[in-house]
Amino acid sequence: MPWTIHKLSDSTVLSHINGLVRRNHRRTRPLMWAAAGLLLAGSGWVLVTGLYARSELLAARHDLETLRNTVTAPPSPVSTAGDTTDRGARTEAAARSAAAHAARAHRLTTGPAWYVAAHLPRLGGPLETFRGTAKAVDRLTGEVLPAVVRTVGNLTDDAGAGGGHLNLSELRRAAPALEQASRQVAAARTEAHRLPRRTWLPAVDRVRDQLLSRLDRMAPALEDAATGARLLPPMLGADGPRRYLLVFQNPAESRGTGGMPGAHAVLTADRGALELTHFGSDAEMVGARPEVDLGSEFAAMYGRGDSVNTWANSNMSPHFPYAARIWSATWLYQSGERVDGVLALDPAALARLLAASGPALTADGTVVTADNVVDLSERTNYVTHTDQVKRKAYLLDVARAAAGRLLTAAEDPQRRPSLLLGLYVLLGNGQVTAWSAHAKEQQELESHPVGGSLPRRPEPYAGLVVNNAAGTKLDYYLDRTLDWYPGRCTADGREVTVKAVFSNGAPSAGLPAYVTDRLDKPPYPTRQGDNRLLVSYFATGGAHLVKAALDGRPARLTPGVERGHPVYTFDVEVPAGSSRTLTLHLLEPPADHGPFVFHQRLPRPLRARVHPSPGGCPGA
């Protein structure tokens with residue numbers, strides 16, 4: 001049958017199309033209403049659950065504040081064993097409550113509605129950040145916090161067998177859990193960095209920034225805790241007695257690792273029980289000829305100061321393992337005893353620990369507290385003890401009293417939590433440094449702040465190191481600022497300008513002669529209170545100095561290299577009541593971020609500012 005083609009008019013075609021549209025519209029209208037209803041329902045669900053989740057997160061934050069305040073609160077002078085039990089119960093209750101609130105917040109921000117809303121182009125950014133924050137807090141309170149609270153509770157509730165200051169068996173058992181907690185924090189940190197940086201809701205952006213700030217602090221702290229759980233048991237005598245040389249540094253006369261080495265003690269550790277068996281002053285170390293070879297690079301940098309054979313100059317390098325090896329070898333030369341490691345701390349670290357342990361009492365009745373130990377050690381003793389022998393004996397008595405008080409407090413279950421927390425903070429920020437004569441232990445220590453190591457990594461670095469060159473005790477009055485300015489990128493690298501200012505706030509009269517008398521015998525006239533510094537700038541590996549100026553005039557310098565860092569050293573006279581400005585112009589390898597800034601521990605902290613970069617360098 002042949003096909004018949006009918007020609008339709010335009011009006012007929014339009015009528016047919018309109019009919020189809022009306023029929024389709026009638027059919028799709030319910031679908032459209034259903035979609036609109038789902039959209040409104042989903043939006044309402046996200047809004048309502050979001051408000052509930054926010055409330056849960058605020059409740060979790062309140063619980064965490066309660067937990068922190070409970071752990072860090074100083075013990076009552078009349079506290080009892082029941083108070084310690086109550087503190088532990090309140091700690092566990094706050095941790096459980098925080099975990100429950102965070103888990104509910106996470107559940108409320110999951111599901112299809114939240115998933116779809118968080119992935120909406122442009123609009124979903126705040127929701128993605130909010131649900132990511134809830135997930136991170138749930139992970140931290142549900143998986144990380146229990147391991148930490150359980151470990152701290154077990155360590156502080158029981159000193160361990162044999163009267164030890166720490167339960168080393170419990171610490172060893174806690175190591176796997178702390179390592180897992182460290183991995184969880186690292187994972188949460190990585191996921192948080194992937195959340196949208198900037199959205200259309202600034203309040204949520206601030207939440208992300210706050211979360212990242214906390215995670216950036218927690219990640220290295222948990223890594224340090226896991227390392228401590230691995231290292232402390234053998235280092236504190238779990239597998240046999242250990243002996244350590246404990247050195248007290250005096251930052252009133254600056255050295256690379258902080259202050260000039262002064263009093264020292266021998267600390268023994270046996271199954272967690274600690275004992276101080278010997279105290280001595282720096283006079284014991286004079287004349288020692290230790291057998292230690294730190295290499296040609298060290299000799300080139302510090303040979304003029306005879307750092308190996310001169311106890312007072314033994315820590316001119318900021319790399320603590322160098323000083324520790326010299327001190328260990330010096331003690332061997334003087335006593336015939338080998339030590340398993342070296343520990344170093346200064347009056348500021350003692351102050352942090354005395355805040356937890358309570359005051360100490362010296363033989364002459366002086367009360368040594370967290371508030372006065374720095375001033376006693378770095379200023380007052382020079383005023384009250386003009387006789388050098390009596391002054392050294394007094395400083396030794398202060399060190400003995402403070403150290404003894406700390407060991408006594410470590411046996412007190414009510415004081416142990418805050419004392420351990422203080423020690424943990426000091427180890428984490430490098431105020432207490434440690435070196436081990438055992439190679440595997442030392443390898444781990446060097447990768448953490450407690451090791452006091454000058455890093456060999458190629459990342460940008462800015463290290464301002466001061467060594468007192470006059471033999472005065474005037475660095476108690478020294479202020480330092482460092483400004484690091486990145487510049488444009490060239491074919492030779494990134495231009496960098498470093499500006500360092502040194503201000504001598506010492507009075508020109510009224511200080512004891514021992515504080516102001518100079519041993520350097522300069523060839524130019526000086527006044528009382530004038531100071532002289534050897535200032536070394538440790539630059540990024542591969543950097544080159546273009547020019548340097550002191551107060552705007554070309555500056556003379558001594559170049560060197562230490563552990564891959566170019567080092568530029570300047571002889572700087574700083575008169576009392578004045579400031580000197582050192583400016584360096586460098587070319588550094590391309591990089592798209594600022595440097596790690598080394599903070600030398602002196603009485604007045606370094607004020608450092610890393611200024612923003614105008615843009616990354618190609619190839620960085």
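Q: Which residue stands opposite Leu482 in strand 10?
A: In this predicted model, Leu482 has Ala500 of strand 10 standing opposite.

Q: And how do strand 9 and strand 10 pair, parallel or antiparallel, and over how many bridges?
A: Strand 9, which covers residues 478–490, pairs with strand 10, residues 493–504, in the antiparallel sense, and 11 bridges link the two.

Q: What order do the strands take in the open sheet?
A: The order is 13-12-16-10-9-18, which makes an open sheet of 6 strands with mixed pairing. Strand 13 and strand 18 (607–610) are the edge strands, each of them pairing on one side only.

Q: Switching to strand 8, how many of its residues are buried?
A: The count is 8 of the 8 residues, so strand 8 is largely enclosed by the rest of the structure. Tyr461, Gly463, Val465 and Asn467 point one way from the strand, while Ala462, Leu464, Val466 and Asn468 point the other way, and both sets are buried.

Q: In what sense does strand 8 pair with strand 17, and how does it run against strand 11?
A: With strand 17 (residues 596–598) the pairing is parallel, over 3 bridges, and there Tyr461 has Phe596 as its bridge partner. Strand 8 and strand 11 run antiparallel and are joined by 6 bridges, with Leu464 partnered by Tyr537 of strand 11.

Q: OK, pockets now: how much space lies in the second largest pocket?
A: The second largest pocket holds about 1,200 Å³ of space. Its lining is made up of 49 residues, and those closest to the centre are Met316, Asn467, Asn468, Ala469 and Leu534.

Q: Which elements supply at least two residues of that lining?
A: Among them are strand 8 (461–468) and strand 11 (531–538), as well as helix 7 (295–302) and helix 11 (388–410).

Q: And what is the lining like by class?
A: By class, the lining of the second largest pocket comprises 24 nonpolar, 13 polar and 12 charged residues.

Q: Which of its residues are buried?
A: The buried residues of helix 8 include Phe320, Pro321, Tyr322, Ile326, Trp327 and Trp331.

Note on methods. Residues are numbered from 1 along each chain as its sequence is written. This is a predicted model: local features need pLDDT of at least 70, side-chain atom pairs count only at pLDDT 80 or more; totals for chains, interfaces and linings use all residues. Side-chain values use heavy atoms; hydrogens and water are left out. Buried means under 20% relative accessible area, exposed over 50%, partly exposed in between (1.4 Å probe, protein chains only). Helices (H or I, at least four residues) and strands (E, at least two) are DSSP runs, numbered from the N terminus. On a 1 Å grid over the protein atoms alone, a cavity is a set of points where a 1.4 Å probe fits but cannot get out, and a pocket is an open set with protein on both sides within 12 Å along at least five of seven lines; lining residues have an atom within 4 Å of a point. Grid points are joined across faces, edges and corners, and a volume is the space filled by probe spheres set on the points. Ala, Val, Leu, Ile, Met, Phe, Trp, Tyr, Cys and Pro count as nonpolar, Asp, Glu, Lys and Arg as charged, and the others, Gly among them, as polar. Two strands pair if DSSP finds at least two bridges between them.
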